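Please keep the sequence and the model in view while reading.

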Amino acid sequence: MNRLFCLLGPVLLVLGCDKPSPPPEPALYTPPPRLKPEEAGLTRLANGNYFLMAAPGATLQYDPTLKDPLTALAACSQWLVGCFSPNERTLDACVEAVPACQTPSPWEEAAPCCPSACKDQYRQQRQGTADAFAALDAVLFVDGSCLPGVNALLGKP
């Protein structure tokens, strides 16, 4: 927090209240192009999905056509985690830089984005002195209300 200084004529007045620090400058980051499943060596199945792994009695598959609140959550968090780079880009600067979604259906956006509500909730967490990664976890994964439809998909009220 920064102290608030006021100059009144020839007298400098130091107020005892703290002024919130301004948000950091947005990070300079361009996400790499998305890797196509074929380029990752994934095998396409007859149903159009891609095989990821087998487990006893089940297989894990990737459906490239699926667009829903959870894929929007994944795109937002992937952008932020990809942006963060120790000693180069802080998570705070990445939150400022991530594009804000332009619609109430972020899974329909042309490029990865994070809803403005998520960015606002993150800033509030950080004003409360939460660690950057704890703030991101609280906003996106514990609460999740800033991303439309996530809590409903997870059965949360």
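A salt bridge is taken here as a side-chain nitrogen of Lys or Arg within 4 Å of a carboxyl oxygen of Asp or Glu. The model under discussion is predicted, and a search of the whole structure finds 5 salt bridges. In one of these, the side chains of R44 and E38 meet with an N to O distance of 4.0 Å. R44 is exposed, with a relative accessible area of 52%, whereas E38 is partly exposed at 47%.

Helices α2 and α3 are also connected through charged residues. R126 forms a salt bridge with D92, and their closest N and O atoms are 2.7 Å apart. This pair links distant parts of the chain, since R126 belongs to helix α3 and D92 to helix α2, 34 residues apart. D92 counts as buried because its relative accessibility is 19%, under the 20% limit for that class. R126, at 29%, is partly exposed.

A further salt bridge joins R123 to E96, with the closest N and O atoms 2.8 Å apart. R123 lies in helix α3 and E96 in helix α2, so this pair ties together parts that are 27 residues apart in sequence. E96 is buried at 18%, and R123 is partly exposed at 28%. E96, D120 and R123 are linked in a network of salt bridges.

The loop between α2 (91–97) and α3 (116–127) contains T103. The side chain of T103 reaches the backbone oxygen of S105 at 3.2 Å, and T103 is partly exposed, with 38% relative accessibility.

Elsewhere, strands β4 (residues 50–55) and β5 (residues 58–62) run antiparallel and are joined by 5 bridges. M53 stands opposite L60 in β5.

Technical notes:
Residues numbered from 1 in each chain as written. Predicted model: local features only at pLDDT ≥ 70, side-chain atom pairs only at ≥ 80, totals over all residues. Heavy atoms only, no water. Helix = DSSP H or I, 4+ residues; strand = E, 2+ residues; numbered from the N terminus. Buried < 20%, exposed > 50% of the residue type's maximum accessible area, 1.4 Å probe, protein only. Polar contact = N/O pair within 3.5 Å; in protein donor to acceptor, adjacent residues only side chain to side chain. Pairing = 2+ DSSP bridges.
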